[in-house]
Amino acid sequence: MRPVTSARQKTGLVLGGIILCLLMLEAGLRIAGWLYNWKHPLPKDRGADYKILCVGESTTFGIGAEDPARDGYPRQLELLLNQRFPGLRAQCLHDQSIGASTSQLLMNFPAALDRYRPDLVIFMAGLNNWWTLNRSNILLFNHNDKVWQFSFKVLGFLDEFRVYKLLKWIFYSQKWISFDSIYQLPDPLVTADPVYMKKREQLLLRELVKLQQEYDFNVFYKVAELDLRQMIKICLARKISVVICTFPGHTAQELSAVHRKLAREFGLALVDNDAFFRSLPDKKSYFCLDEVHPNQKGYKVLAGRIFDAILEHRLIR
């Protein structure tokens with residue numbers, strides 16, 4: 001006679017199976033990431049005469065190019081500089097920072113400066129602040145509400161796991177969850193629209209108004225401004241030249257405004273890729289399908305624009 005399995009045991013077996021599957025998927029994703037990094041290694045410091053540290057995210061790493069190490073903008077910029085200044089050994093360096101927030105970049109920044117000792121730093125960062133809450137300085141702007149603090153801490157912890165990021169990417173890419181509907185509430189006067197109310201019937205109008213009054217949903221751009229300002233100040237204190245770039249792909253205008261503001265505030269060279277690429281009639285031909293990451297052609301243009309800014313501001317003497 002077969003032993004009878006209780007409902008509690010069945011539930012435990014199902015939950016155990018789910019947890020085991022998630023752990024195996026997490027391990028598989030981490031191994032895949034390791035293999036990708038092994039196939040596309042970071043540039044090694046060759047002891048160049050003029051070093052440039054490129055600080056950014058996947059666009060700095062070269063995601064979207066067939067060979068990121070060869071076709072990404074840092075390598076193409078390096079080639080342009082060595083062609084223009086044959087007697088100067090120039091090298092562009094960058095760290096593995098795919099998906100990093102500006103807070104994570106700031107945390108590792110002083111050590112990177114000590115390791116590479118660059119003459120110039122190029123910043124193109126801030127696009128992942130809403131995506132990566134792990135170790136984010138976002139709590140500095142939400143210090144009056146315990147619920148929000150707890151929520152962001154939980155989300156930051158979950159961002160440590162590749163499975164969670166994969167599921168989040170699936171939900172956003174399939175538009176099952178709208179980023180705009182979570183973080184950018186519309187004007188309260190517009191929320192009476194029946195289509196909108198049907199989509200989010202669980203939220204009452206008075207709750208929307210209250211949220212909009214109490215919270216600033218541009219907090220991710222505030223975090224970018226805070227973190228980038230700190231990194232810029234560190235560079236200037238060390239007599240390191242700085243170039244600020246807006247993103248070439250589909251970018252929130254608020255983030256580009258932060259980059260422009262910081263460039264004006266500190267009198268830095270600005271490469272406004274956002275405005276430039278938006279003006280191109282055949283913009284899509286410079287990007288991958290996501291219209292965020294450039295292809296080899298797009299990275300070549302990006303490198304050329306940064307190269308022109310370096311020459312224009314006489315950052316290499």
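Helix α5 (residues 102-116) and helix α11 pack with their axes 9 Å apart, at an angle of about 10°. Because angles under 35 degrees count as roughly parallel, over 145 as roughly antiparallel, 65 to 115 as roughly perpendicular and the rest as oblique, α5 and α11 are roughly parallel to each other. Axes here are lines fitted to C-alpha atoms, for helices over the stretch in contact, and angles run from 0 to 180 degrees between N-to-C directions. Helices (H or I, at least four residues) and strands (E, at least two) are DSSP runs, numbered from the N terminus.

A word on the source: this is a predicted model, in which local features need pLDDT of at least 70 and side-chain atom pairs count only at pLDDT 80 or more, while totals for chains, interfaces and linings use all residues. Residues are numbered from 1 along each chain as its sequence is written, and side-chain values use heavy atoms, with hydrogens and water left out.

On the α5 side, the contact (heavy atoms within 4.5 Å) is made by Thr-102, Ser-103, Leu-105, Leu-106, Phe-109, Pro-110 and Leu-113. Their counterparts in α11 include Val-223, Leu-228, Met-231 and Ile-234. By class, this contact has 11 nonpolar, 3 polar and 1 charged residues. For these classes, Ala, Val, Leu, Ile, Met, Phe, Trp, Tyr, Cys and Pro count as nonpolar, Asp, Glu, Lys and Arg as charged, and the others, Gly among them, as polar.

| Helix pair | Axis distance | Angle |
|---|---|---|
| α5 and α11 | 9 Å | about 10° |
| α11 and α12 | within 10 Å | roughly 30° |
| α4 and α14 | 8 Å | about 45° |

Now for α11 and α12, whose axes cross at roughly 30°. That makes α11 roughly parallel to α12. Their crossing is right-handed; a crossing is left-handed if the near helix is turned anticlockwise from the far one by less than a right angle, and right-handed if clockwise. Among the residues in this contact are Tyr-221, Glu-225, Arg-229 and Leu-236 of α11, together with Leu-255, His-259, Lys-261 and Phe-266 of α12. The contact of α11 with α12 has 9 nonpolar, 1 polar and 6 charged residues.

Glu-225 also forms a salt bridge with Arg-229, with the closest N and O atoms 3.0 Å apart. A salt bridge is a side-chain nitrogen of Lys or Arg within 4 Å of a carboxyl oxygen of Asp or Glu. Both residues lie in helix α11, 4 residues apart, about one turn of the helix. The structure holds 12 salt bridges.

Next comes the sheet. Its 5 strands form an open sheet in the order β2-β1-β3-β4-β5, with parallel pairing; two strands pair if DSSP finds at least two bridges between them. The edge strands, β2 (90-93) and β5 (269-271), each pair on one side only. On average, neighbouring strands are turned by 20° against each other, direction ignored. Strand β1 (residues 50-56) pairs with β2 over 4 bridges, and Ile-52 has Cys-92 in β2 as its bridge partner.

Helix α11 (residues 219-237) packs on it, touching β3 (120-124) and β4 (241-245), and its direction makes about 175° with that of β3. Helix α12 (residues 253-266) lies across β4 and β5, running at about 155° to β4.

Finally, look at α4 and helix α14 (residues 296-312), which pack at an angle of about 45°. That makes α4 oblique to α14, and their crossing is right-handed. Their contact divides into 11 nonpolar, 3 polar and 2 charged residues. In the loop between α4 (73-84) and β2 sits Leu-88. Leaving aside neighbours within four places in sequence, Leu-88 is in contact with Asp-49, Tyr-50, Asn-82 and Ile-316. The C-alpha atoms of Leu-88 and Asp-49 are separated by 6.4 Å, although these residues are 39 residues apart along the chain.
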